[in-house]
Amino acid sequence: MATKVSNFSDLIQRVAASCLLHPLATARQESGDVDAVTHAVIEEDPDEEEYYEYNNSSEDEVKENGVKDVEKSRRMTRVWNNGEKKEMVTLMEEVFEAVVEMKKAYVRLQEAHCPWDPERMRAADVAVVGELRRLGVLRERFRRGTRGGGGKGNVAMLREVVAPYEAAVEELKREVKVKEVEIESLNEKLNTVTCLSNGGKKGRGLSKRKVSCCQVLAASPAPELFEATMSQVKEASKSFTSLLLSLMREARWDIAAAVRSIEAATATPDAATYTTTITPSVIANHHAKYALESYVSRKIFQGFDHETFYIDGSLSSLLNPDQYRRECFTQYRDMKAMDPVELLGILPTCHLGKFCSKKYLAIVHPKMEESLFGDLEQRSQVMAGNHPRSQFYGEFLGLAKAIWLLHLLAFSLDPSPSQFEASRGAEFHPHYMESVVKISGGRMPAGQIVGFPVSPGFKLGNGSVVKARVYLVART
C-alpha cells in the first residue's frame, strides 16, 4: 500500500513537470494522460515494479519531447518574424506607390480645370478615388496583420476602414458646393454675354463686345448691361407671377373675373372703341398668367422715373447728377451678388427694404392675402418694417431686387433711358414691341393690335430699344 502511495506522489510530480514543459500545445493531451494514469493507479496492478519502471521511462520521454517542442517553437517564431518583416516591407512599398499615384492623379485633376476639360476631370477624379480606396484596403491589411479579434474588435476595424471613405465623401461634397457656386457665376456671365450678342446692333463689333463684355460691365455702366438686367427682370417677373397664379387657383379664385378686372384697369378712353375676337374666359383659361404679369408689372414699375420711386422727395439726381450716377453704379455692383433675404435681414429699413415694403403692399391686397394664406401675418410683418422668410415673399424679393438693380442702372446711364408703354388697342410695331405669345411660323398675322400691355419698354441713349412686351389680339 505504501508503494502505491509513493507511486501516486511520483505521478503527480511528473504531470506537473509535463505541464511546465507544455503550457499550451499539449494541454489537452496532458489532461488525457492524467486521467489515464490516475485510472491505472486506482486499479490494483499485480506487478508494481514493472509499473514503476514504465513510469521512469515515460518521464525521460516527456522531458526529451518537451525540449524538442521548445526548440521547434523557437524556430517557428523566428520563421514567422522573418515572414512578417517581409510582408510589412511589401505593404509599405504598396502604400508609397499608392500615395505617389494619388498625387499624380490629383495633379491631373488640377490641370483639367484650366483649360476646362470635363472628360479629363472625370478620369482624374476616378483615379483619385481609386487610390484612396486602395490605401483603405492596405490599412485594413496592416491592421489585420498586427492584431486580430472578433465581435467589437471587428466592428471597430470596420469603422476604421469606412472612415477614410466618409472623409472623402465629405470633402467631395464641399468641392461640389464650390463648383455649384462657380457654375452659377459662369451661367450668369453666359446669360449676360448671350443677351449682349442678341440685343442692340448685331452687325457691328459683335466679336469685340463678346470679348470685352465682362470688362465693360465691371468698369462702367453701359446700355448693353441695362438690356441684360431687363432680361433678368423678365425672368423674375415670370417666376413670381407663376407662383401667384398657382396660389390663386389653389384658393379657387375666379380667374376670369380677375382678368376682366385687370383689363378694365388697363383700358383707356381711346381704346374703348376696339373689340377683340377673344373672350376674357379664353384669356383666363390659357393666358391668365400674362394678364396677371401685366398687373404685377404695372404696380412694381410705378414711379420708376423717380430716383427713389417717390418713397421720399430726394432730388440728388438733379442737384449733383454726376456724383449721383457714380453712387448708383457703385450700389449696383455692391448689391448685384447679394441675397436680398440676407441683406434685408440685416438692414430691413434700407432704401431697398422700404421699396420692397411699399411694392408688396401695393401688389398684394389685404383680401388677396387673406384669401391665399388664410391670415394677414405677412402683411402685418411688412407694415411693422420686417420682411417675412416665406417662399412667396422670397419670390417677391427676387423680382423686387431685379427691378431695383434695373432702376440703379437707369440712373447710372447718361443719358437715362426713356420709358414707354404700349396702350390697349394700339397698332403692333415690331421695332418697339414683342408678343408674349409665340407665333407659330414666326410670321405675325395681319390685323393684330395690343390686347393689353405686359411690361414697359425703354429707349436707350445709344439708339437701341428694349421692346415693350404686349399681349396681341385680332382686330374685329
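Glu 131 lies in helix 4, residues 118-146. The model is predicted.

Biologist: Why is Glu 131 called buried?

Modeller: Its relative accessibility is 16%. Buried means under 20%, so Glu 131 counts as buried.

Biologist: Which residues does Glu 131 touch, not counting residues up to four places away in sequence?

Modeller: Ala 98, Glu 101 and Met 102. Contact here means heavy atoms within 4.5 Å.

Biologist: Now the rings. How many aromatic pairs does the structure hold?

Modeller: There are 20 aromatic pairs. One of them joins Phe 304 and Phe 309.

Biologist: What makes Phe 304 and Phe 309 an edge-to-face pair?

Modeller: Two values. The centres are 5.9 Å apart, and the limit for a pair is within 6.5 Å. The planes stand at 80 degrees, and over 60 counts as edge-to-face. Therefore Phe 304 and Phe 309 are an edge-to-face pair.

Biologist: How do you know whether Phe 304 and Phe 309 are buried or exposed?

Modeller: Phe 304 has a relative accessible area of 4%. For Phe 309 the value is 1%. The cut-off for buried is under 20%, so Phe 304 is buried and Phe 309 is too.

Biologist: Why is the pair of Tyr 360 and Tyr 393 called edge-to-face?

Modeller: Their ring centres lie 5.2 Å apart, with the planes at 65 degrees. Edge-to-face needs over 60, so the label holds for Tyr 360 and Tyr 393.

Biologist: What does the pair of Tyr 360 and Tyr 393 tie together?

Modeller: Tyr 360 sits in helix 15 (residues 351-363), and Tyr 393 in helix 18 (residues 391-410). The pair therefore ties together parts 33 residues apart in sequence. Both tyrosines, Tyr 360 and Tyr 393, are buried.

Biologist: Which residues do ring pairs link into a cluster?

Modeller: Phe 226, Phe 301, Phe 304, Phe 309, Phe 355, Trp 404 and Phe 458.

Biologist: Which residues of helix 8 and helix 16 meet?

Modeller: Leu 244, Leu 247 and Met 248 in helix 8 meet Met 368, Leu 372 and Phe 373 in helix 16. By class, that contact has 6 nonpolar, no polar and no charged residues.

How values were computed: Residues are numbered from 1 along each chain as its sequence is written. This is a predicted model: local features need pLDDT of at least 70, side-chain atom pairs count only at pLDDT 80 or more; totals for chains, interfaces and linings use all residues. Side-chain values use heavy atoms; hydrogens and water are left out. Rings of Phe, Tyr and Trp (its six-membered ring) pair if their centres lie within 6.5 Å; planes under 30 degrees apart count as stacked, over 60 as edge-to-face and the rest as tilted. Buried means under 20% relative accessible area, exposed over 50%, partly exposed in between (1.4 Å probe, protein chains only). Helices (H or I, at least four residues) and strands (E, at least two) are DSSP runs, numbered from the N terminus. Ala, Val, Leu, Ile, Met, Phe, Trp, Tyr, Cys and Pro count as nonpolar, Asp, Glu, Lys and Arg as charged, and the others, Gly among them, as polar.
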